[in-house]
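Please open the model in a viewer and follow the stops below in order.

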Amino acid sequence: MIAGLIGCRPKIRVEAEELRQGVCRTKERDRVITTFPAETYKPAWLDAAAGYGGKYLVGSRWVVAAEPEALEGMRQRLGGEIRQLSGFGPTAAP
């Protein structure tokens, strides 16, 4: 359902009890869609993803990873909120 709303067909790369993850390839960019059977699994996934940093579109029982400039358009179609995850390691000086 989420993939259809953003105009792609996912290739499933993870099918596990706690999540399902697929990659959608379009002409513009790749998107990674992760869905969870229960909301309780999402916080652990977000904690693990925080190590990579970046922005994600986060909804109820799902997360979409894509280039930051694409997230706002997807948010308008899917809902959710755009979250900046911190990442580990040094950051660039201002």
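**First stop: the largest pocket**

Select Met1, Ile2, Ala3, Pro10, Ile12, Arg20, Gln21, Gly22, Ile33 and Thr35, which line the largest pocket. A pocket is an open set of points on a 1 Å grid over the protein atoms alone where a 1.4 Å probe fits, with protein on both sides within 12 Å along at least five of seven lines; lining residues have an atom within 4 Å of a point. The elements that give two or more residues to this lining are helix 1 (2–5), strand 2 (20–25) and strand 3 (30–35). Helices (H or I, at least four residues) and strands (E, at least two) are DSSP runs, numbered from the N terminus. Strand 2 contributes the most, with three residues.

This is a predicted model, in which local features need pLDDT of at least 70 and side-chain atom pairs count only at pLDDT 80 or more, while totals for chains, interfaces and linings use all residues. Residues are numbered from 1 along each chain as its sequence is written, and side-chain values use heavy atoms, with hydrogens and water left out.

Next, display the strands: six of them form an open sheet in the order 1-2-3-5-4-6, with antiparallel pairing. Two strands pair if DSSP finds at least two bridges between them. At the edges, strand 1 (11–15) and strand 6 (81–85) each pair on one side only.

Now select strand 2 and strand 3, which pair in the antiparallel sense over six bridges. Which residue in strand 3 is the bridge partner of Cys24? The partner is Arg31.
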